[in-house]
Amino acid sequence: MRNFNEFTITDAVVERVGNASDPRIREISEAVVRHLHALVREVRPTQDEWMAAVNFLTRTGQMCNDKRQEFILLSDTLGISMLVDAINHEQSKGATETTVLGPFYVESPPEHELGDNISPGMEGAPLFVSGSVSSTDGAPLVGAVVDVWHSDDDGYYDVQQPDDVEGLTMRARFHADGNGRFHFWTIKPAAYPIPHDGPVGDMLEAQGRHPWRPAHVHFMISAPGHERLVTHVFVAGDQYLDSDAVFGVKDSLIHDFVEHPAGTAPDGTTVDRRYFELTYDFKLNKD
Ligand code: BEZ
Ligand code: FE
């Protein structure tokens with residue numbers, strides 16, 4: 001076949017990719033062709049606009065390295081990460097709701113004992129975090145693996161600092177105790193702009209959007225026989241809760257970080273300045 005035009009090209013390409021032997025590859029390829037062709041038909045780009053799109057995607061790829069994943073940022077800011085999350089986590093049946101993983105998770109974070117301070121020497125208001133991990137039927141998940149990570153009080157993650165300025169900090173792996181409980185000390189995180197010095201930042205600006213995320217603490221929690229939970233707890237009252245750049249906020253994940261005057265904290269620690277406390281009980285779906 002030859003001599004394709006605006007009205008015949010889509011069917012020709014769909015037919016060609018239909019030769020894929022893997023049925024899932026065939027299904028996805030056909031959908032990609034149909035939807036991309038429909039997009040082009042709808043916006044009718046000029047040749048210059050088409051080259052601008054190619055350059056944008058090229059710059060997005062070139063921005064990626066072992067510390068920066070610009071394609072995930074693109075997915076996050078276009079709401080695709082949250083759409084994939086929604087499709088894969090049907091309404092929660094009593095489990096804690098999920099949200100985006102984000103680009104700042106580090107595999108195998110530093111192991112810590114319950115009660116440790118995971119941000120020693122960092123500036124910021126002390127934050128005492130405690131909580132529990134249980135199955136949706138209420139059974140405590142003894143020994144659950146609780147990974148946490150968050151930004152500093154300027155809104156930066158450790159991995160955004162130049163190599164080895166702070167090392168890995170404000171992140172840890174804990175193992176819940178015999179009652180499925182955990183607690184630790186850290187500093188209260190701040191709201192922050194997602195990395196916006198690349199093509200995704202240019203896109204946000206062109207779309208009239210800000211790059212900010214409301215302050216939050218990330219949790220990834222695993223226990224045998226249960227679905228892994230990837231979520232955050234957001235600081236109630238944050239100014240960006242209704243305009244998160246990556247659409248990740250859910251009401252059930254917004255929680256008070258309660259302010260206390262200097263004194264004795266719940267774990268018996270004496271604190272010489274005001275501190276904050278977050279308590280959150282996580283529930284995991286069975287597999
Ligand atoms: C984060 O919360 O760490 C994050 C999520 C999506 C994009 C950028 C950052
Ligand atoms: Fe984050």
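Me: What makes helix α3 oblique to helix α4?
Reply: In this predicted model, the axes of α3 (residues 47–62) and α4 (residues 70–77) cross at roughly 125° and come within 7 Å. Angles under 35 degrees count as roughly parallel, over 145 as roughly antiparallel, 65 to 115 as roughly perpendicular and the rest as oblique, so α3 is oblique to α4.

Me: Which residues make the contact, taken as heavy atoms within 4.5 Å, between α3 and α4?
Reply: Phe 56, Leu 57, Thr 60 and Gly 61 contribute from α3, while Glu 70, Phe 71 and Leu 74 contribute from α4.

Me: Why is the site of the iron ion (ligand 2) called irregular?
Reply: The six donor atoms make angles of 54 to 162°, whereas six donors count as octahedral if opposite donors are over 155 degrees apart and all others between 65 and 115, and anything else is irregular. The protein donors, lying 1.9 to 2.1 Å from the ion, are Tyr 157 (OH), Tyr 192 (OH), His 216 (NE2) and His 218 (NE2); donors are N, O and S atoms within 2.8 Å of the metal (3.2 Å for Na, K and Ca).

Me: How do you know whether Tyr 192 and His 216 are buried or exposed?
Reply: Buried means under 20% relative accessible area, exposed over 50%, partly exposed in between (1.4 Å probe, protein chains only). Tyr 192 has 3% relative accessibility and therefore counts as buried, and His 216, at 0%, is buried too.

Me: What are the conventions behind these values?
Reply: Residues are numbered from 1 along each chain as its sequence is written, with chains lettered from A and ligands numbered from 1 in the order in which they are written. Local features need pLDDT of at least 70, side-chain atom pairs count only at pLDDT 80 or more, totals for chains, interfaces and linings use all residues, and side-chain values use heavy atoms, with hydrogens and water left out.

Note on methods
Tetrahedral: all angles 85-135°; square planar, octahedral: opposite > 155°, others 65-115°. Axes fitted to C-alpha atoms, helices over the stretch in contact; angles between N-to-C directions. Helix = DSSP H or I, 4+ residues; strand = E, 2+ residues; numbered from the N terminus. Contact = heavy atoms within 4.5 Å.
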